[in-house]
Amino acid sequence: MNLVHERSSLTTQRLNSLLTTSLLGRTSYVYHQLSSTNSHARKLVEQGVPHGSLVIADSQMCGRGRLNRTWHSPEGVNLYCSLILTHALSPALLPWVPLATGLGVAEGVESCTSLALCLKWPNDILIGKKKLGGILCESIRQGTQGPVVIVGIGININAQQSDFPAELQGTATSLLMEQNEEVDRLILLATLLSKLEESYQLLHMNTIPTLRRLYQSRCSTLGCQIHVQLAGGTPLNGWAYDIGLDGALHLIQDASEPPPAGKNVPTIGIRSGDVIHLR
Ligand code: BTN
């Protein structure tokens, strides 16, 4: 195992030397420790920062996950960052931001490693059944313009099994654990930002059918029997059937078998919730 510690190299200067993007990450704020990069990004939005500004921290004291969960953020090993997207998007495109982010992250990680990644709807980043990373998108309304979107990305990179709390050890993974080799966090970040820029361009060009096709082919939720906890608390069971043009997950409720291919069946569209893959 090649254990080269590269934590000292998390600097704006080094990131700038690696970037190939036009806008994403061109303004960056790098910290040793923050409460949460998303919370700090929110403060920067109030001050007014350019589209694509990036906040990175070497550790987070109160990293936040979806559905009010915490995001375990030990120092010096993983990637914790938030992008600030100020270019206006129509309300119909907003649900696609987390999905387009998941795609960009998966493509970026794959192009830096020999690993295959998939996405659990809406935007858990998985290797096999284990969670490699997550995305937390938060919108801030500003006057009459479209909202500013903060895209928080957490990826387990050089964490070892013992870096995770006991309750995550069976379900979380890192790039180091998967390939027995450390990854340079800033090289990975620069690659992710370039893939994210491509993914967001599809969004701004309104090419949702293309994004949808790419997402469908990476989404390991499709075809699974799932349990969904809706935001209001209602549980649903069924088969994950498709992703709609609105980014919703379409579920065939309570069916004991998946439908035969090509059959038109009634589905329920789920816009947000916690999905568990049963089989
Ligand atoms: C999830 O899967 O629940 C989403 C996790 C998102 C974690 C990232 S780490 C960087 C950014 N700052 C935060 O506080 N959360 C996100």
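1. In this predicted model, strand 3 and strand 7 are joined by seven bridges and run in the antiparallel sense. Across this pairing, C81 lies opposite I153 of strand 7.

2. The pairing of strand 3 with strand 7 belongs to an open sheet of seven strands, ordered 1-2-3-7-6-5-4, in which the pairing is mixed. The edges are taken by strand 1 and strand 4 (118–120); each has a single partner strand, so one side of each has no neighbour in the sheet. On average, and with direction ignored, neighbouring strands of this sheet are turned by 20° against each other.

3. Helix 3 (residues 96–112) lies across strand 3, strand 4, strand 5 (124–127), strand 6 and strand 7, and its direction makes an angle of about 35° with strand 7. Helix 2 (residues 37–47) also meets the sheet: its buried residues pack against strand 1 (28–34), strand 2 (53–60), strand 3 (79–85), strand 6 (130–142) and strand 7 (145–155).

4. Which residues of helix 2 are buried? They are T37, N38, H40, A41, L44 and V45. These residues lie on the same side of helix 2, because they cover an arc of only 155° around the axis. On the face of helix 2 turned away from the buried side, K43 and E46 are exposed.

5. At its start, a side-chain oxygen of S36 comes to within 3.2 Å of the backbone nitrogen of N38. After helix 2 comes G48, with a positive phi near 85°.

6. D184 sits in the loop between helix 4 (175–179) and helix 5. Its side chain forms a polar contact of 2.5 Å with the side chain of R14. The side chain of D184 also reaches the backbone nitrogen of L186, at 3.0 Å.

7. How do helix 5 and helix 6 lie relative to each other? The axes of helix 5 (residues 185–204) and helix 6 (residues 208–218) cross at roughly 135° and come within 8 Å. The two helices are therefore oblique to each other. Helix 5 contributes S199, L202 and L203 to the contact, and helix 6 contributes I208, T210, L211 and L214.

8. A further open sheet has five strands in the order 11-10-9-8-12, with antiparallel pairing. Strand 11 (268–270) and strand 12 (273–277) stand at its edges; each has a single partner strand, so one side of each is left without a neighbour in the sheet. Neighbouring strands here are turned by 45° against each other on average, direction ignored.

9. Q225 has W239 of strand 9 as its bridge partner. The two strands form a hairpin with four residues between them, and G233 in the turn has a positive phi of about 110°.

10. Strand 8 also pairs with strand 12, in the antiparallel sense and over five bridges; here L230 stands opposite G273 of strand 12. Strand 9 (residues 235–243) is joined in turn to strand 10 (residues 249–253) by five bridges, again antiparallel. In that pairing D242 faces H250 of strand 10.

Terms used
Residues numbered from 1 in each chain as written. Predicted model: local features only at pLDDT ≥ 70, side-chain atom pairs only at ≥ 80, totals over all residues. Heavy atoms only, no water. Buried < 20%, exposed > 50% of the residue type's maximum accessible area, 1.4 Å probe, protein only. Arc of directions from axis to C-beta. Contact = heavy atoms within 4.5 Å. Polar contact = N/O pair within 3.5 Å; in protein donor to acceptor, adjacent residues only side chain to side chain. Pairing = 2+ DSSP bridges. Axes fitted to C-alpha atoms, helices over the stretch in contact; angles between N-to-C directions. Parallel < 35°, antiparallel > 145°, perpendicular 65-115°, else oblique.
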